[in-house]
Amino acid sequence: EPIAAYGEVIYAFGVLSTMKVNNLKDLQALAKANPGKLSYSSPGSGSATNLRGEAFKLLAGVDITHIPYRTGAEALPDLLGGRLDIMLDNIYLPQVRIGTVKMLGVLSERRHPEFPDVPTFAEQGFGFNLRVWGGFLAPVGTPPEVREIIGKAVNELNLEPAIIERQIKIGWAPFNKTPAELSAMMAEEIEAYKDWIKRTDFRID
């Protein structure tokens, strides 16, 4: 049962800084001009990241080739070496900070505090509720008052400057949810995943 959320992972479409695109609309135009020639990675066929990539393709009306890897760390050298065009991840944040990689849009509810100039997918017209976040759950039957106490403690920790600084550094953005709010968010996202699986005709290879 839900207790509290402790942060949202800032996943983004990352590309080499030399690619002649600066936002998702630019990427859409480039992909439409080169159907099937661009590629994006995920940590495996059938993964949630794979579904997010397919959702973007559907909304943008483009054909981008999916290349499955085992992990983001495995895909990063191919992105940096020019063998892969797009990563939907945040493992490349060190490269963003030194200017090697740029982010075209963040897949989150709000912009990342460290990169406020990078708009969200939704702000660019490609919104879909398939975000990445972390939280605490308890076994079914845990008394509500216990979940409330733990949830309050987590939310208070999320307001600590040191916690906020650490989360931002690793590509997270802290956000607070009560048990009831987290429960409602989870129910909404379950329906969103079901909807996008149907809309994209998603398959596990």
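**Sheet and pocket in a predicted model**

Me: What makes strand E3 (residues 39–42) and E4 a pair?
Reply: Two strands pair if DSSP finds at least two bridges between them; E3 and E4 have four, in the parallel sense, so they count as paired. Here Tyr 40 stands opposite His 66 in E4. The model is predicted, with pLDDT of at least 70 needed for local features and 80 or more for side-chain atom pairs, while totals for chains, interfaces and linings use all residues. Residues are numbered from 1 along each chain as its sequence is written, and side-chain values use heavy atoms, without hydrogens and water.

Me: Why are strand E4 (65–68) and E6 called edge strands?
Reply: The open sheet has five strands in the order E4-E3-E5-E2-E6, with mixed pairing. E4 and E6 each pair on one side only. From one strand to the next, the twist averages 30 degrees.

Me: How is helix H3 (residues 72–80) placed against the strands?
Reply: H3 lies across strand E2 (11–16), E3, strand E5 (86–89) and E6 (contact means heavy atoms within 4.5 Å). H3 runs at about 150 degrees to E5, on a scale from 0 to 180 degrees between N-to-C directions of axes fitted to C-alpha atoms, for helices over the stretch in contact.

Me: Which residues line the largest pocket?
Reply: Its lining has 14 residues, with Ser 108, Glu 109, Phe 128, Asn 129 and Arg 131 nearest the centre. Strand E6 (101–107) and helix H7 (179–199) each give two or more residues to this lining. Lining residues have an atom within 4 Å of a point of the pocket, an open set on a 1 Å grid with protein on both sides within 12 Å along at least five of seven lines.

Key. On a 1 Å grid over the protein atoms alone, a cavity is a set of points where a 1.4 Å probe fits but cannot get out, and a pocket is an open set with protein on both sides within 12 Å along at least five of seven lines; lining residues have an atom within 4 Å of a point.
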